[in-house]
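Me: I have a model open and want to go through some of its local geometry. Can we take it piece by piece?

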Amino acid sequence: MQLPLTDPDTLFEELLQDLPPATMQMARDFKAFVRTKKIKTPQHLLRLVFLYCGLDQSLREVAGTLTMLYESITDQAVAERLRACGPWVQALLRRMFPMAAVETLPPERRFVVIDASSIQAPGATGTDHRLHIAMDLRTLQFVEVLVSDVHTGETRKHFTLRAGDIALADRGYAHAQGMEEAVKQGADIIVRLNPFSVVLCDANGQPMILGKAVKRQPPETIRTLPVLIQASGGQSAVQGWVHAYR
C-alpha cells in the first residue's frame, strides 16, 4: 500500500496539480497578486492561503513559515495579503465547483446559512469559545460573525435578519423563540426539526403526535403538515409547516 505524502513541498505540488490551469493568472486578474515585494510569485501567495485556511496556522505561524521558506514577512503583512485574496479564492472555488444555474432572485431575497462551531485553545480538553456564523449562500460571504463563551448556545437570536431573508439552519436552531424572532423581522426560516425542543400543534392548537400523523405516509413521498410551533414552556408560538419525507 502506498504511504501518504508527508513532505510539505511534495504535498504543495500535488495540490497545485488539482487546481485549474488559470489559477495563477486569476491571482493577477483579481488583484490578489499585484507586487513582488515580499511574496514573489502567485504560487507563494497560494501557499500562504493554504497555510492559513488549510492547515489552520495562525498569522504568526504563517509568517514564520514563509520567512523560513522565502523571505522575512510580518504577521500584519500576511493578514493584508489574505484580505486581498478573497475575490480570487471565491472565483477559484466557483470554477472548481460550479453551481447549478439558478434564476435571479428578487432583490429583497437572500439565502442566509446559520451555524456554529466550537473553538478550543491549544492544549484544551474542552470547548473554550463558540463561533457563530451567518453566510450568504449565493455570494459565499459572511453576513455576521460572533465569538461567544462556551455557555452561549445556538440560537437564531444572535443574528439580525432583514425582510425577505430565507434563513437555513440545522436542528440546533429549532427553537420557537428564535423562529418567532425571525418571523417578526419579516424573514422566513427553514430548520431541521428537533421534536424535543418544540411542541407541535395542529392548525386548531391541539397537540400533534408527529409519528402518528405520518404513520400511513407512503414510502418515497413528501407530506406537508400545517403546524403551530410552540416553546416547551408556552412563551412563544409561530405558524409554520413540517415537511416529512419517508
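Me: Which exposed residues does the face of α4 turned away from its buried side carry?
Reply: That face carries R60 and M68. Exposed means over 50% relative accessible area, buried under 20%, and partly exposed in between, with a 1.4 Å probe and protein chains only. Before going on: this is a predicted model, in which local features need pLDDT of at least 70 and side-chain atom pairs count only at pLDDT 80 or more, while totals for chains, interfaces and linings use all residues. Residues are numbered from 1 along each chain as its sequence is written, and side-chain values use heavy atoms, with hydrogens and water left out.

Me: Which residues of α4 are buried?
Reply: V62, A63, T65 and L66 are buried in α4. Seen down the axis of α4, these buried residues fall within an arc of 165 degrees, so they line one face of the helix. The arc is that of the directions from the helix axis to the C-beta atoms. Helices here are DSSP runs of H or I with at least four residues, strands are runs of E with at least two, and both are numbered from the N terminus.

Me: What do the buried residues of α4 pack against?
Reply: They pack against α3 and α5. Contact means heavy atoms within 4.5 Å.

Me: At what angle do α4 and α5 pack?
Reply: About 100 degrees, with the axes of α4 (residues 59–69) and α5 (residues 75–84) 8 Å apart. That makes α4 roughly perpendicular to α5. The axes are lines fitted to C-alpha atoms, for helices over the stretch in contact, and angles run from 0 to 180 degrees between N-to-C directions. Under 35 degrees counts as roughly parallel, over 145 as roughly antiparallel, 65 to 115 as roughly perpendicular and the rest as oblique.

Me: Which residues make the contact?
Reply: From α4, L59, R60, V62, A63 and L66; from α5, D75, V78, A79 and L82. The contact residues of α4 with α5 divide into 7 nonpolar, no polar and 2 charged. Ala, Val, Leu, Ile, Met, Phe, Trp, Tyr, Cys and Pro count as nonpolar, Asp, Glu, Lys and Arg as charged, and the others, Gly among them, as polar.

Me: Next, α6. Which residues are buried there?
Reply: W88, A91 and L92 are buried in α6, which covers residues 86–96. Seen down the axis of α6, they fall within an arc of 100 degrees, so they line one face of the helix. The buried residues of α6 pack against α2 (23–29) and α3 (42–54).

Me: D56 came up. What is its phi?
Reply: D56 has a positive phi of about 60 degrees although it is not a glycine. D56 sits in the loop between α3 and α4, and is exposed with a relative accessible area of 65%.

Me: Where is E220?
Reply: In the loop between α8 (210–213) and β7 (222–231). E220 has a positive phi of about 55 degrees, and is not a glycine. At 67% relative accessibility, E220 counts as exposed.

Me: Change of topic. What polar contact does the side chain of H132 make?
Reply: A polar contact of 2.8 Å joins the side chains of H132 and S148. The term means a pair of N or O atoms within 3.5 Å; within protein, one must be able to donate a hydrogen and the other to accept it, and residues adjacent in sequence count only if both atoms are side-chain atoms.

Me: Where does H132 lie?
Reply: In strand β2, residues 129–136. H132 counts as buried at 0% relative accessibility. Not counting residues up to four places away in sequence, H132 touches several residues, including D115, E144, H158 and F159.

Me: Last one: what does A182 touch?
Reply: R156, L161, A187 and I189, not counting residues up to four places away in sequence. A182 is in helix α7 (residues 176–184) and is buried, with a relative accessible area of 0%.
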